[in-house]
Amino acid sequence: MNKADIRNLILIWVGALLLAVLTGWGFLMWAPAMDAPVPVFEAPTTHWVTDPATSVAEQVRRNTAWTITVIFPFLYGPLLTLLYVVWRFGKARNPVPDSVEENVPLEVFWTLIPAVVLVVMAVPSFAVLQYMDRVPELNPGEQDYVVDVTGRQFDWLYSFPKYGVEMVDDGTGDNPLVLPLNQIVLMNGTSSDVNHAWWVPAFGVKFDVIPGRINPAWFRPTKEGFFKGQCAELCGDLHAVMFIHVKVVPEAEFFEWIIEQGGEIPPEEEEFVSNLLGEDVEIPVRREVAHAAAE
Ligand SMILES: [Cu+2]
């Protein structure tokens, strides 16, 4: 091994770093925003990950690109080094091999660098995890929308406790869950039989729903459209067709749907909903609130 070899190896690793940056950038470029969201299980598109449709999904996407950028030097670097070494130090070019025993500084170096990279990866990843975990503050005049979801073999039961609406998405897509655009959605998930997981890739949301527990998730849909997901926990015979369908519509349409489903608006929201839907629409208001019988 002479000076030229050392120079070439340094060049190879610089090249590997550049290739990794290109790969991370390519990930963002070729998986970019599109006009219409693509349901994840539909025919192939040129895009290889689903278009993000919530701020959570955007953070996940950015973190993925960053992770690719910092780990791919360790794919390209050793691969190119190996090819170089095979070419340069084969019998034809290097008939008398060196005998090298060990190199302590080199070993310390290639142990420390990956350790540092792990930290560089972990810091933004934990930031994203924390973001997914903490529901943001509401803007003035805004409210959040609570949806209870129950996984069942093999469909999804949803309820909006505030409006008294209950509906089932049976996996065919005929009766999708409807959610309001640009509003914070709080989900409480549980299961009535075995473990399931509610997973909509475009939302960046995947959380286990487990019998006897209530698991929370939040997201704010930022794109109108029809989104598909599926149960992500092997849960039995028909697990593979336990699809999830979500339609994201403007807030006014959401309330039209709630009313269509037989929902009732609590009195304190009557004015708000009436402003959204226009004065001509009659709002079914829940006049009585059921109380436990007092002694
Ligand atoms: Cu399931």
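## Strands β2 and β3

In this predicted model, strand β2, which covers residues 155-160, runs antiparallel to β3 and is joined to it by 5 bridges. Within this pairing, Trp156 stands opposite Asp169 in β3.

## The open sheet

The pair belongs to an open sheet of 5 strands, whose order is β3-β2-β1-β5-β8 and whose pairing is mixed. At the edges of the sheet lie β3, residues 165-169, and β8, residues 215-219, each of which pairs on one side only. From one strand to the next, the twist averages 25°.

## The β6-β7 hairpin

Another antiparallel pairing is made by strand β6, residues 196-200, and strand β7, residues 205-209, with 5 bridges between them. These two strands form a hairpin in which 4 residues separate β6 from β7, and Gly204, which lies in the turn, has a positive phi of about 65°.

## Helices α1 and α3

Two packed helices are described by the angle between their axes and the distance between the axes. For helix α1, residues 3-29, and helix α3, residues 73-88, the axes come within 8 Å and cross at roughly 150°. Because angles over 145 degrees count as roughly antiparallel, α1 and α3 are described as roughly antiparallel to each other. The crossing in which α1 passes α3 is right-handed.

On the α1 side, the contact is made by Asp5, Asn8, Leu9, Ile12, Trp13, Gly15, Ala16, Leu17, Leu19 and Ala20, while α3 contributes Pro73, Tyr76, Gly77, Leu80, Thr81, Tyr84 and Arg88.

## Helices α5 and α6

Helix α5, residues 251-260, packs against helix α6, residues 270-277, at an angle of about 110°, and their axes are 9 Å apart. Since angles of 65 to 115 degrees count as roughly perpendicular, this angle makes α5 roughly perpendicular to α6. The crossing of α5 and α6 is left-handed.

From α5, the residues that make the contact are Glu251, Ala252, Phe255 and Glu256, and from α6 they are Val273, Leu276 and Leu277. The residues of the contact of α5 with α6 divide into 5 nonpolar and 2 charged, with no polar residues.

Terms used:
Residues numbered from 1 in each chain as written. Predicted model: local features only at pLDDT ≥ 70, side-chain atom pairs only at ≥ 80, totals over all residues. Pairing = 2+ DSSP bridges. Axes fitted to C-alpha atoms, helices over the stretch in contact; angles between N-to-C directions. Parallel < 35°, antiparallel > 145°, perpendicular 65-115°, else oblique. Left-handed = near helix turned anticlockwise from the far one by under 90°. Contact = placed C-beta atoms within 7 Å. Nonpolar A, V, L, I, M, F, W, Y, C, P; charged D, E, K, R; others polar.
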